[in-house]
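Look at the sequence and the structure, then read on.

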Amino acid sequence: MKFVAFERAKQGTGASRRLRISGKTPGIVYGGDTQPQLIEIDHNALWHALKKEAFHSTVLEMELGDTTSKVLLRDVQYHPFRQLVQHIDFQRVDAKTRMTLKVPLHFKGEEESDAVKIDLNLVNHVTTELELNCLPTDLPEFIEVDLSGLKKNGTVTLKDIKLPKGVKWVSHGKVNPVLASAVSPAAEEVDAPVEGAADAAAAAPAGKGGKPAAKTPAAKTPAAKK
């Protein structure tokens with residue numbers, strides 16, 4: 001995926017504010033054997049590019065002047081409430097250096113699984129992305145997870161899928177995370193009437209207006225004289 005950037009000469013809060021007013025987004029490119037470089041990108045083009053999943057999880061080709069270099073998106077700063085990208089960071093990619101990047105999971109086949117078709121389970125996507133380590137040429141755009149074999153109340157874990165060749169999962173101490181799970185839908189609880197209550201209400205004599213008559217308190221028995 002390609003995008004166009006331009007060299008940015010000035011830096012600082014005031015210069016960045018003027019760039020945003022003119023429809024540009026300030027950014028920086030760092031990494032590799034060269035010094036960090038200040039850049040600016042057309043905001044509208046960048047805004048639409050950021051809506052694409054591939055812009056976040058693949059190696060990008062950045063056209064800057066007469067050169068094209070491979071970079072990774074590393075950080076995006078958005079305005080708190082306006083549709084505005086305030087700053088963006090990219091990292092240069094070395095073809096011979098392994099890198100670490102989060103890659104999204106794409107789930108398929110859950111509607112064909114026994115858990116959904118037969119047992120009417122609900123499927124939860126527990127994990128939506130994996131942090132992977134690999135060479136730039138081995139980086140996948142996404143990892144596909146097949147849920148067609150999911151059984152009643154079952155799970156699909158990392159060990160149930162096969163990562164592409166040369167790609168390693170960054171565990172951060174986790175052993176075998178759950179990627180998706182099937183759960184039975186919660187049964188609706190209906191309050192059953194108390195046994196005998198309906199019969200007692202039907203047997204009670206009716207008062208004025210069809211309402212049950214109020215109970216008359218029992219007369220007290222006079223105490224026996226000693």
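Buried means under 20% relative accessible area, exposed means over 50%, and partly exposed lies in between (1.4 Å probe, protein chains only). The model is predicted, so local features need pLDDT of at least 70 and side-chain atom pairs count only at pLDDT 80 or more, while totals for chains, interfaces and linings use all residues. Residues are numbered from 1 along each chain as its sequence is written, and side-chain values use heavy atoms, with hydrogens and water left out.

Q: Which residues touch the most other members of the largest nonpolar core?
A: A nonpolar core is a set of buried Ala, Val, Leu, Ile, Met, Phe, Trp, Tyr and Cys residues joined through side-chain atoms within 4.5 Å. The largest one has 26 residues. Those that touch the most other members are Leu130, Val145 and Ile161.

Q: Which strand gives the most residues to this core?
A: Helices (H or I, at least four residues) and strands (E, at least two) are DSSP runs, numbered from the N terminus. At least two core residues come from each of strand 7 (99-108), helix 4 (114-117), strand 9 (129-134), strand 10 (143-146) and strand 13 (178-183). With five residues, the one that gives the most is strand 7.

Q: How many residues does the second, separate core have?
A: This second core includes Phe3, Val29, Leu73 and Val85. Its number of residues is 19.

Q: In what order do the three strands of the open sheet lie?
A: Two strands pair if DSSP finds at least two bridges between them. Strand 8 (residues 122-125) and strand 13 are antiparallel and share four bridges, with Asn124 opposite Ser181. Strand 11 (residues 155-157) is also antiparallel to strand 13, through three bridges, and Val156 stands opposite Ala180. The edge strands, strand 8 and strand 11, each pair on one side only, and the order is 8-13-11.

Q: Where in the chain are Glu61 and Lys2, which form a salt bridge?
A: A salt bridge is a side-chain nitrogen of Lys or Arg within 4 Å of a carboxyl oxygen of Asp or Glu. The closest N and O atoms of Glu61 and Lys2 are 3.9 Å apart. The two residues are 59 residues apart in the chain. Glu61 is in strand 4 (residues 60-64) and Lys2 is in strand 1 (residues 2-7).

Q: What is the distance between the closest N and O atoms of Glu129 and Lys102?
A: Glu129 in strand 9 and Lys102 in strand 7 are 27 residues apart. Glu129 is partly exposed at 37% relative accessible area, and Lys102 is partly exposed at 46%. They form a salt bridge, and the distance is 3.9 Å.

Q: Which residue meets Asp114 in a salt bridge?
A: Side chains of opposite charge can pair when their charged atoms come close. Asp114 is in helix 4, and its partner is 37 residues away in the loop between strand 10 and strand 11. The N to O distance is 2.8 Å, and the partner is Lys151.
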